[in-house]
Amino acid sequence: MLQQISESELTLMKIIWKNGGTALYSHITDELEKESSLWKKNTVLTLLSRLIEKKYLKIRKIGRRNEYIALITEPEYQTAQTRSFLNRVYSGNVKNLVSTLLRQDILSEDEMAEVERYWAGLGESAETDAASACISALSSPGATIDETSADKLPGVQKKESAND
């Protein structure tokens, strides 16, 4: 399991990932300047040392210069952070996370359509069908979903039947 890193350490990792997974110290400081980050040399070196200790980076000497090489890819980091968040906040329950995203209008219609296209490409499974149906139903303003689909995503508002 990956150790947590600070926002500042993540900033450095993003610079390195953006540069193909490797970067010289001078490139890192140049990028920080472009972002208007006025970090002192010792701050940058300390953060890079911490990332090496945490096994996110390794260092390669090129003459008198240091090249920093990512040991963790950005997708690997994102996956680890997503799993960590899911476990901490939702006790590992993906359906509750998706339900929250849908109920709180966190996903735009375009994002919902993109997720639906992604799920359609995964094949036809019962969970994929239920989630896809929920997204389709909730894409319409003021829409709710039927009981069968709602039962598969806890917390989603069920539509009332005409007999109620």
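This is a predicted model: local features need pLDDT of at least 70, side-chain atom pairs count only at pLDDT 80 or more; totals for chains, interfaces and linings use all residues.
Visitor: OK, how many bridges join strand 2 to strand 3?
Guide: Six, and the two strands run antiparallel. Strand 3 covers residues 65-70.

Visitor: Which residues sit across from each other there?
Guide: Lys61 has Asn66 of strand 3 as its bridge partner. Lys58 stands opposite Ile69, also in strand 3.

Visitor: And what happens at the turn of that hairpin?
Guide: Two residues lie between strand 2 and strand 3, and Gly63 takes a positive phi near 65 degrees.

Visitor: What does the whole sheet look like?
Guide: Three strands make an open sheet in the order 1-3-2, with antiparallel pairing. Strand 1 (22-24) and strand 2 (57-62) are the edge strands, since each pairs on one side only. From one strand to the next, the twist averages 25 degrees.

Visitor: Changing topic: how many salt bridges are there?
Guide: The count is three. One of them joins the side chains of Glu9 and Lys54, at 3.0 Å from N to O.

Visitor: Where are those two in the chain?
Guide: Glu9 is in helix 1 (residues 7-18), while Lys54 is in the loop between helix 3 (41-53) and strand 2. They are 45 residues apart, so the pair links distant parts of the chain.

Visitor: Why would two such side chains pair at all?
Guide: Side chains of opposite charge can pair when their charged atoms come close.

Visitor: Last one: which residues form the negative surface patch?
Guide: Glu109, Asp110, Glu111 and Glu114 form that patch. Glu114 belongs to helix 6, residues 109-121.

Methods:
Residues are numbered from 1 along each chain as its sequence is written. Side-chain values use heavy atoms; hydrogens and water are left out. Patches are made of residues with over 30% relative accessible area and no salt bridge: like charges are joined within 9 Å, nonpolar side chains (Val, Leu, Ile, Met, Phe, Trp, Tyr) within 5 Å. Accessible areas come from the Shrake-Rupley method with a 1.4 Å probe; for residues, only the protein chains shown count as cover. A salt bridge is a side-chain nitrogen of Lys or Arg within 4 Å of a carboxyl oxygen of Asp or Glu. Lys and Arg count as positive and Asp and Glu as negative; His and the chain ends are not counted. The place of a charge is taken as NZ of Lys, CZ of Arg, CG of Asp or CD of Glu. Helices (H or I, at least four residues) and strands (E, at least two) are DSSP runs, numbered from the N terminus. Two strands pair if DSSP finds at least two bridges between them. Axes are lines fitted to C-alpha atoms, for helices over the stretch in contact, and angles run from 0 to 180 degrees between N-to-C directions.
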